[in-house]
Amino acid sequence: MDTLELLAHPVRLRIVHAMRGRELTTAQLCARIPDASKAMVYRHVDLLAAHGVLEVAGERRVRGAVERRYRLHQGRATVDAEEVAALSPEDHRRVFATSMAVLIAEFGAYLDSGNADPMADLISYRQHAVWLSHDELAEMIGELRRVIHPRLANEPAPDRAQHLLSPIFFPVEQPPADAGQEGP
């Protein structure tokens, strides 16, 4: 199973999100993903561990059973550019649908948590349609990366909450075929 196939499943992707920057047991993951059955979470944790996306950070005995704490193997939780370049339009459609399903599930879990306060938590789900050339889009993506990447290294702390950031870029309108050409 390649990395994309492994991560392009809603429950597995939610597990990866939950594991970023922390060590959790499967029971703790079940609490973070309450809309998935415990059996499903355990099955997906086992699959992610078998493929090296999760690694055992520690073990202890609890009531006669072994409880494992897992951590994310960051290098294995990333789909490389070659895999993305090889995707068919149908593959992109499937991966995008999975991403949207995860966003909907995570947002629903947030709202159902009992202490959701969208205004105080600065919730945003705005969409903006901007006119950009290919070079302008590449420049904007570079600027966003320079802002976002340093924050990916932030560790959990008492004053920090984990936020799901999902930049999505795709053209909704192609430039006309004669764009940039001078008329007669």
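The model is predicted, so local features need pLDDT of at least 70 and side-chain atom pairs count only at pLDDT 80 or more, while totals for chains, interfaces and linings use all residues. Residues are numbered from 1 along each chain as its sequence is written, and side-chain values use heavy atoms, with hydrogens and water left out.

**Exercise 1. State the secondary structure and the overall extent of the protein chain.**

Start with the elements. Helices (H or I, at least four residues) and strands (E, at least two) are DSSP runs, numbered from the N terminus. The chain has seven helices and three strands. Their order from the N terminus is α-α-β-α-α-β-β-α-α-α.
Next, the extent. The C-alpha trace spans about 85 × 40 × 30 Å along its principal axes.
Then burial. Buried means under 20% relative accessible area, exposed over 50%, and partly exposed in between (1.4 Å probe, protein chains only). Of the 184 residues, 21% are buried.
Last, contacts, meaning heavy atoms within 4.5 Å. Among contacts with a separation of 6 or more, 59% join residues 24 or more positions apart.

**Exercise 2. Check the length of helix α6 and find what its buried residues pack against.**

Take the expected span: 1.5 Å times one less than the number of residues. Helix α6 covers residues 89-112, which is 24 residues, so it should span 34 Å. Its end C-alpha atoms are 34 Å apart, and the two values agree.
Now list the buried positions: Thr 98, Val 102, Glu 106 and Tyr 110. The buried residues of α6 pack against α2 (10-19).
Finish just past the helix. Gly 114 there has a positive phi of about 95°.

**Exercise 3. How many residues of α2 are buried, and which ones?**

Count first. Nine of the 10 residues in α2 are buried, which leaves the helix mostly covered.
Then name them. The buried residues are Val 11, Arg 12, Leu 13, Arg 14, Ile 15, Val 16, His 17, Ala 18 and Met 19.
Look just after α2. Gly 21 takes a positive phi of about 80°.

**Exercise 4. Describe the second largest pocket by volume and lining.**

On a 1 Å grid over the protein atoms alone, a pocket is an open set of points where a 1.4 Å probe fits, with protein on both sides within 12 Å along at least five of seven lines; lining residues have an atom within 4 Å of a point. A volume is the space filled by probe spheres set on the points, which are joined across faces, edges and corners.
Read off the volume: about 240 Å³.
Take the lining. It has 13 residues, with Thr 26, Tyr 42, Val 66, Glu 67 and Arg 68 nearest the centre. Elements giving two or more residues are α3 (26-32), α4 (38-50) and β3 (65-72). The largest share, five residues, comes from β3.
Sort by class. Ala, Val, Leu, Ile, Met, Phe, Trp, Tyr, Cys and Pro count as nonpolar, Asp, Glu, Lys and Arg as charged, and the others, Gly among them, as polar. The lining has seven nonpolar, two polar and four charged residues.
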